[in-house]
Structures are given as structure tokens and as C-alpha cells.
Amino acid sequence: MEPLAPHEKVFVDSEIAEDENHGELSCEECHGGNPNEPDWRIAHKGVVKDPSYPDPSETCGACHGGIAEHYQKSLHVSLTPFKRMIDKRANTAKEVRAKVNEGRKLHCSSCHSSCGQCHISRPESVGGGLLEAHLFQRRPPMQLVCTACHGSRIEKEYFGKNKGIKPDIHKEKYFKCNKCHNADEMHGDGKDYANRYEVENAPKCLHCHESIYEPKSKNAKGHWIHKDLVSCHVCHSQPYKNCYSCHVGRDEHGYTFYKTKESQIKFKIGLNPLRSKKRSEKFVTLRHVPVDHDSFKFYVKDGLTNFDTLPTWKLATPHNIRRQTPQNKTCNDCHGNKEIFLLEKDVETNYLKANKDVIVPPDLLPKTRRDDWGIRAH
Amino acid sequence: MKGKAIRFLISLVFALGVSLLLFQGHRMAWSADKENQCFTCHTSARKLIQITREIANTRKASPSATESEGEG
């Protein structure tokens, strides 16, 4: 993403006055400040950079009430999963938990979005700056907004930026994020979901690929055999990024920083930790998330004493889909291939307990097939 | 005939009055735009460059942040 010069970040296109919907609003109606004061220092007193965060009801919500109503529950704003995951792992002692929360708010919760940080400016967490000189963008531009935040994993997977890994086939078909992730999903539906996999209007592969089980479709047999056993990603994802050991802190000047170990490109199939009616598959792709026992050590000792209540290998839906992948060329590229399953030997000793429910036990490994025939994904 | 002429005159005066009012409103909006210092300054790249340089100079003395390591 091209960085913006400081003046470019705040340059406003005078054409905004012609915007039939927003052109009649004066700057101070949303941002505050004093429009009659020629000295910029005084004029900016009380100015709110993003008037849509944390509460858009008086600004965007004045006209877009239906969307603003669900705003606080949208995962892009609430970041509920971060809080729930950390709370679950955190020490139950009140003082310790308060310090963990302090760290979470300073680090994990700084990557939120808002109406403005999708439709008007780049997100603050990536340096901000107006998108099209404050002209309102109905569809947020993919690379300046979506993958600006979802960069390390999604962007690199989708665009094929991980060495030796092809881009997602949907990228090659010129799909932008909003082709699958529509506005209703992004804006939230008012329900307080624990994680993104519960979101009811989230996309499913079957929404488009509805005919895969029909007798005439290509590889219908293969799809039927594996139905409810494996997620689509198990067969159609390529290796993806896994992150380890994130530690957060503040330097002597109070600036926040994080340190993570080197990321690794791996492909691991494990047991589904979020098995439900909606995600009934037994085997799913798992991604290692960078949480560590001592992630909040800077703020408090023994912050995450309940670390083992959740796995560090989490259900993942990598965005590097291909029809043919290394594991689906033939049956035995997967069956009997111990390298692609998450086994005990793949997990660091101090993470074993946390991952006990997702590690594939030897008796559940699919056996090598003697008749490696027929079922091809191509 | 005379009545028709009077009605025409009244309509004409009314139409003129309404258009004057509308024009006045439009002119007021434009003049308000012109006086709005936010708009004047933020639509001028030259002014913004000047101010952002001023700000950068005052910030030079501030300590820099510790670089994060690894991927976020």
C-alpha cells in the first residue's frame, strides 16, 4: 500500500460540495472545531478526527440509522472475539485480569474499524489518511481498507504473496472482498457473536458452488464421500501463514510495540474445535495464532493462567483456494500423509495441553488407500 | 381582459419572488462555503503542505517509538 504524505492524508477534494447526499453538511457538523477561525491551531480545538467512532449515532447514524443501530455489535467495531478469547485464558484474580485488560485495550483493541475508517479514510491502525480526498466511498477499496488491516495473512494468501504459493483462484477471477463479504455481514446484524465463524450471514462456499453434490457435477463422488467429514479448505487450501509468540509492551517513552517470532508457512489439518450444526465437519484446517503464556508479561506476571482452556491452533479458512492442491491430487496425497495432519509431534510441549482437542490422534488418521484411483479434484 | 392581465402580473411577481429567494439561499450557501476556514484550508494542497511541515518540525524533537518486530 502506497504511503500518503502528511498533507495528502488530510487533503479534501472541493468536489465534496457537489455530493448530493453529504455536500450540504458543513465540516464542523461532524468534526467540531471552529470554521471561522483562520489560525489552524485554534480552529482545531475540539476537532474529532473520526466522528463515527465510537458512536456514530449523531453523525452517520442520523441518516443511516438502520446500519448504525447494529454498529456496536459489528465484529469490526466490537472486537468481541479478542476480548472473549483473552478473558477465557486470563487469570481470574481481579487485579491481574485488570492488567491483562489494560494490555488488551492498548494493543489488541487498537485495530478496530468504524464507518469512517472504511468509507472515508484508511483505517487508523495502518496510519489513516483520507481515501479519495474525503469523497465518500460506497464500496471500501480492497487494498486500502480490507487488506490494509488483514495484510499479514489474508492479503498475502489471496494475492499469492507467500513464496511458492499461488494466489487464490477467486482473485484470478477478479473477485474483490465484497463479492463474498457483503455489506450486511460487515455492518453486523445486531447479534453479539463470539467469533466470526458464528456470523449467520457470513459467506459459505456453497452459496456459489451449490451444484457440487449434483450427480452431473465434476467430482460429485469425491464431494459426497467427504461431505461433513472435512471442510472445503481441507481439500482446496494451499499452505498458509502461522504466527507464534506475540509479546506486547511499551517502551520508555510510552509507545506501544509487539514482538512475534518468525512466521511459518504450513498446512495442518486437525479436529474441528468449533464443531456445530453450522460447521459440522470433523476435520478442518488449523492456523497457529500468536498467543503465548507470557503475551502480557510486560503488564503482569501470570496473566494468562488459564491458557490451556483454548487451543493455539485455531479453525482457519485460508484465502488461497485452488481447485487442485498438493493434498487433493490423488487420494494418498492426503490419506496416510502424516505431514499435513496436526499430530502431537507438531506441537510444542508447553502448548500440548491447550491443543489436546484439535490434535489428530493416530487412530483417526485416514489410512493409506490401496486403490488410489478415481477421485480427482481436476 | 383587465382581470387576466392583473392575474398574470401577480403570477409573474410571485414567480420572480420565489426565484429570488432560491437564488439568495444558493448564494448564501456558496458564500458560507467560501468563508469556511476548514474548507478553504483543507482544499488547498499548498496550505496543507505548509502546515504539515510546521507540525513535522515541532515533532522532530519528540522521541521515536520502538519498532515492532514480526508480523502483526
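Mentor: The account below begins with a sheet and then turns to its chain and the partner chain.

This is a predicted model, in which local features need pLDDT of at least 70 and side-chain atom pairs count only at pLDDT 80 or more, while totals for chains, interfaces and linings use all residues. Residues are numbered from 1 along each chain as its sequence is written, and chains are lettered from A and ligands numbered from 1 in the order in which they are written.

The sheet belongs to chain A, where three strands lie in the order β5-β6-β7 and form an open, antiparallel arrangement. Strands (E, at least two residues) and helices (H or I, at least four) are DSSP runs, numbered from the N terminus; two strands pair if DSSP finds at least two bridges between them. At the edges of the sheet stand β5 (269–271) and β7 (313–315) of chain A; each has a single partner strand, so one side of each lacks a neighbour in the sheet. Direction ignored, neighbouring strands are turned by 60° against each other on average, the axes being lines fitted to C-alpha atoms and angles running from 0 to 180 degrees between N-to-C directions. Strand β6 (residues 283–288) of chain A is joined to β7(A) by three bridges, and the two run antiparallel. On the β7(A) side, A:Lys314 is the bridge partner of A:Arg287.

The C-alpha trace of chain A spans about 80 × 55 × 35 Å along its principal axes. Of the contacts in chain A with a separation of 6 or more, 66% are between residues 24 or more positions apart, a contact meaning C-beta atoms, placed from the backbone, within 7 Å.

Chain A also meets chain B: 29 residues of chain A are in contact with 23 residues of chain B. On the chain B side, the elements giving two or more residues are α2 (37–42) and α3 (45–59) of chain B. Of these elements, α3(B) gives the most, with six residues.

How values were computed. Contact = placed C-beta atoms within 7 Å.
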